[in-house]
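I set down what I looked up, entry by entry.

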Amino acid sequence: MDYIAVRRALHQIPEIGFEEVETQAFLLEQIQQMPQEHIQIMKWKTGLLVRVQGTQPSRTIGFRTDIDALPVKENTGYPFQSRHDGKMHACGHDFHMTIALGALEQIAQNPVKDNVVFIFQPAEEGPGGAVPMMASDSFQKWKPDFIFALHVSPEFPAGTVATKEGILFANTSELFIDFYGKGGHAAYPHLTYDAIVAASHFVVGIQSIVARRVSPLNSAVLTIGKMSGGTKQNIIAEHARVEGTIRTLDQETMALIKDDIERQVKAIEIAYHCQSRIDYGANYYQVYNRKKYEQPFVDFCTEKAFPYVICGDAMTGEDFGYFLKEIPGFMFWLGVGKTSGLHSSDFKPDESALEQGVRVVSAYIREGI
Ligand SMILES: CC(=O)N[C@@H](CCC[C@H](N)C(=O)O)C(=O)O
């Protein structure tokens, strides 16, 4: 398989969570070009489960990749840039899928003792594909006894593995708040209750939550990434909406932040004569690496001379945390060299990491687990 060509082809067809129809078809096309004798495929919504039958199986090993993209307008200048306007693989899932396909090809060509299931999971960026996929009959039928996954990172040199014991990715909760006021003519503000002014005060007010309610020895993030409202420049807005995300390293801090958000929303309602509705959307459980499952991987990397570093916690989220809550396993970062950060419109990971990713994943399946 030409990893770079596959990654570039996937890069051109980014799709948002649970819309990965073209992606699923492309993945199937690639899988059909592999030796078929030991492979079985099950579709699950826009995702796939692909099982390679082991030679003398006593258990099932799982490797999971996410397959969705983000609503980002690409600005990489790539000749192979996204063909789907306003959508982009800005979180590296094109890399993740290519590495999964590469490892699948190697295992399909030469199966290992145990069964291996490659899990192509939709909607990691939202609304969250892991929980419904895990609950499906298809997943339950081939449920792995051990599972692992990777995520690309621009924080580490291309091809370098980075992981740690304990929390790797944070707990997350999406946040959507609608403010409803009373619209009217821009020249008669005293006859209205401006929803945009209410939402703006809310956004400024909550900046004090992490600064003043969360212990300075703890960590949390409260980001509003989107704000919208109104219909025209000379009409006072009846409705405004803020959309964001909360990140914490424990559930208590998550509850504390939500409680403070609710208090501030109540205060805004009173002060600005509006009504509101809060929706916490998708919540992701932390990705927690238990030493028992992470340490053997670190030892394996050392033994095989795969470049490796110990990393810190990150406030990124990943619904892979739900797999690890139920199934033994671990997650790691794969460095893709210095580039703009994840979710940036000019995110340009170093493609030399693809081959190393395939090498690490297939070697660990074959010799490590
Ligand atoms: C690795 C990564 O970037 N993951 C996403 C996960 C999204 C979680 C959820 N939809 C939210 O926005 O809270 C991230 O943003 O960290």
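**Entry 1: Ala-305.** I looked up Ala-305 and found a relative accessibility of 63%, so Ala-305 counts as exposed. The classes are these: buried means under 20% relative accessible area, exposed over 50%, and partly exposed in between, with a 1.4 Å probe and protein chains only. I located Ala-305 in the loop between helix H9 (291-304) and strand E16 (308-310). Helices (H or I, at least four residues) and strands (E, at least two) are DSSP runs, numbered from the N terminus. The phi angle of Ala-305 is near 60 degrees, a positive value in a residue other than glycine.

**Entry 2: basis of the values.** I note that the model is predicted, that local features need pLDDT of at least 70 and side-chain atom pairs pLDDT 80 or more, and that totals for chains, interfaces and linings use all residues. Residues are numbered from 1 along each chain as its sequence is written, and side-chain values use heavy atoms, with hydrogens and water left out.

**Entry 3: His-343 and helix H11.** I found a positive phi, near 75 degrees, at His-343, which is not a glycine. His-343 lies in the loop between strand E17 (329-335) and helix H11 (352-368). Its relative accessibility is 42%, so His-343 counts as partly exposed.

I then followed the chain into H11. This helix has 17 residues and reaches 23 Å from its first C-alpha to its last, close to the 24 Å expected at 1.5 Å a residue. The expected span is 1.5 Å times one less than the number of residues. Among the buried residues of H11 I list Leu-354, Val-358, Val-361 and Ile-365. I recall that an α-helix has 3.6 residues a turn, so residues three or four places apart point the same way.

**Entry 4: helix H3.** Does the length of H3 agree with its residue count, or what span should its 17 residues have? The 17 residues of H3 (residues 93-109) should span 24 Å at 1.5 Å a residue, and the end C-alpha atoms are 24 Å apart, which agrees. I also recorded that H3 is mostly covered, with 15 of its 17 residues buried.

**Entry 5: the ligand.** I counted 13 residues around the ligand, of which Glu-125, Glu-174, Thr-245, Arg-247 and Gly-317 come nearest. A residue is near a molecule or strand if one of its heavy atoms lies within 4 Å of it. A nitrogen atom of the ligand lies 2.9 Å from a backbone N or O atom of Glu-125. For Glu-174 I read 2.6 Å between a side-chain N or O atom and a ligand nitrogen. At Gly-317 a polar backbone atom is 2.8 Å from a nitrogen atom of the ligand. Taken alone the ligand exposes 410 Å², and the protein buries 92% of that. These areas come from the Shrake-Rupley method with a 1.4 Å probe; for residues, only the protein chains shown count as cover.

**Entry 6: a cis peptide bond.** I found that the peptide bond from Gly-126 to Pro-127 is cis, with omega near 0 degrees. Pro-127 lies in the loop between strand E4 (115-121) and helix H4 (130-135).

**Entry 7: the annotated span.** An unreviewed UniProt entry gives residues 177-269 the annotation "domain: Peptidase M20 dimerisation". UniProt positions are given in the numbering used here, feature names are shortened, and annotations may be inferred rather than shown by experiment. The span is 39% helix and 30% strand, and its end C-alpha atoms lie 12 Å apart.

Asp-194 lies in the loop between strand E9 (184-185) and helix H6 (195-205); at 23% relative accessibility, Asp-194 counts as partly exposed. Ala-195 lies in helix H6 and, at 0% relative accessibility, counts as buried. The C-alpha atoms of Ala-195 and Ile-236 are separated by 7.9 Å, although the two are 41 residues apart along the chain.

Thr-253 sits in helix H8 (residues 251-272) and is buried, with a relative accessible area of 7%. Its side chain makes a polar contact with the side chain of Asn-218 (2.8 Å). A polar contact is a pair of N or O atoms within 3.5 Å; within protein, one must be able to donate a hydrogen and the other to accept it, and residues adjacent in sequence count only if both atoms are side-chain atoms.
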